[in-house]
Amino acid sequence: MIQPDGVRVKIPASTANLGPGFDTLGMALSLYAWIEMKEAEQTVFHLYGDEMQGIPRDKSNLLYQVAQQVFERAGVQVPELEISMYSDIPLTRGLGSSATAIVGALAAANALIGSPLSKAELFDMATGIEDHPDNVGASLYGGIITAIWDGVHAECIRFDPPEDLEVLVVVPDFELQTSEARKVLPDYISRKDAVYNVSRASFLVGALASGRMDLIGNAMSDRLHQPYRAPLIPGMTRILEEAGNHGALGVALSGAGPTLLALVDRQQSRKNELEAFLLNTMRAEGINASAKWLLPDVEGVVEISGMPSRSFMDMVKGK
Ligand SMILES: Nc1ncnc2c1ncn2[C@@H]1O[C@H](COP(=O)(O)OP(=O)(O)OP(=O)(O)O)[C@@H](O)[C@H]1O
Ligand SMILES: N[C@@H](CCO)C(=O)O
């Protein structure tokens, strides 16, 4: 029942909220992590790449802990594991690195024992661990997801992003833990602000699902989290206000930040201008940042089969 050669999965990064859809909307992105998981005599970790620095290499590691939850739920014992991971996803920057690790570990552990758990069960477990469904739903299902969570079950509707949608992310060179970026949020907001957000979030889903990219801009504004988080990210307020004048369809804080995200029509020609505006605005505030042009990922987590003779890193390099 346990796969003798182990299993390999590829998991996309994600952006959460897309402005008004706090803890609800997510989109998978073409930036990836890879995990290999095998049964072993003694637990050992091989963590590759700059983004894995500082991640624990003992049984306290999130990947190991999450895998054990799968085995427990399935009633199977696999106490010792050999786990390899490589990631291009920056840690603690608002691109869903923790969700990627959770979804990757759930999918790999489930595949290792013959896939007894359904994707819906993995979604419930992932949301329980992360505590909100937006990033994990996107990494699990790919595309754009709109999700609900009642504390036990998560449900989502997934749809394909508009065909010409491209995504610019500008990743500042400082970290911001999600837990810290949640502490600054108020427990209560006014009815006026609640209506503002419900209307924008609903309108945004309608615009994205029907391919109306011309309507995205007005729909991406938010009063639930971004105004409170803006003081943590120098340059953010100006970028949110002015990126539309430099070719962005819409702009938002990516997840809990500090990364900023602009949605762009792939057919338009002002990409250099937009990238320079975002980078220069941050630089003027003393923040170095790097820009990445990404596409939506439409597959979500996938198992990579049939290459047990290739080393893990050869597989990653072969992409
Ligand atoms: N591969 C991994 N193995 C173990 N722990 C990880 C791994 N990847 C991420 N983490 C944990 O997740 C933390 C980052 O989670 P956090 O929610 O703060 O940021 P994020 O997921 O990158 O951004 P956001 O949730 O805003 O999109 C890291 O500090 C680390 O503790
Ligand atoms: N919806 C979450 C995403 C970050 O994990 C937040 O904004 O805090």
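**Notebook: a helix pair and a ligand shell**

The contact is made by L62, L63, V66, A67, V70 and F71 of α1 and by A101, I102, A105, L106, A109 and N110 of α2. Contact requires C-beta atoms, placed from the backbone, within 7 Å. I sorted this contact by class: 11 residues are nonpolar, one is polar and none is charged. Nonpolar covers Ala, Val, Leu, Ile, Met, Phe, Trp, Tyr, Cys and Pro; charged covers Asp, Glu, Lys and Arg; the others, Gly among them, are polar.

Next I checked the axes. Those of α1 (residues 62-74) and α2 (residues 97-112) come within 8 Å and cross at roughly 45 degrees. That makes α1 oblique to α2.

I noted the source. This is a predicted model, where local features need pLDDT of at least 70 and side-chain atom pairs count only at pLDDT 80 or more, while totals for chains, interfaces and linings use all residues. Residues are numbered from 1 along each chain, with chains lettered from A and ligands numbered from 1 as written.

Then I turned to ligand 2. Its surroundings include N17, D23, H132, R182 and H225. I counted as near any residue with its C-beta atom, placed from the backbone, within 6 Å. The shell has three nonpolar, six polar and three charged residues. Helices α4 (134-141) and α5 (178-183) each supply at least two shell residues.

Last, confidence. The mean pLDDT (per-residue confidence, 0 to 100) of the protein chain is 96, and 98% of its residues reach 70 or more. The complex has an ipTM of 0.97 and a pTM of 0.96.

Note on methods:
Axes are lines fitted to C-alpha atoms, for helices over the stretch in contact, and angles run from 0 to 180 degrees between N-to-C directions. Helices (H or I, at least four residues) and strands (E, at least two) are DSSP runs, numbered from the N terminus. Angles under 35 degrees count as roughly parallel, over 145 as roughly antiparallel, 65 to 115 as roughly perpendicular and the rest as oblique. Two residues are in contact if their C-beta atoms, placed from the backbone, lie within 7 Å. pLDDT is the predictor's confidence in each residue, from 0 to 100.
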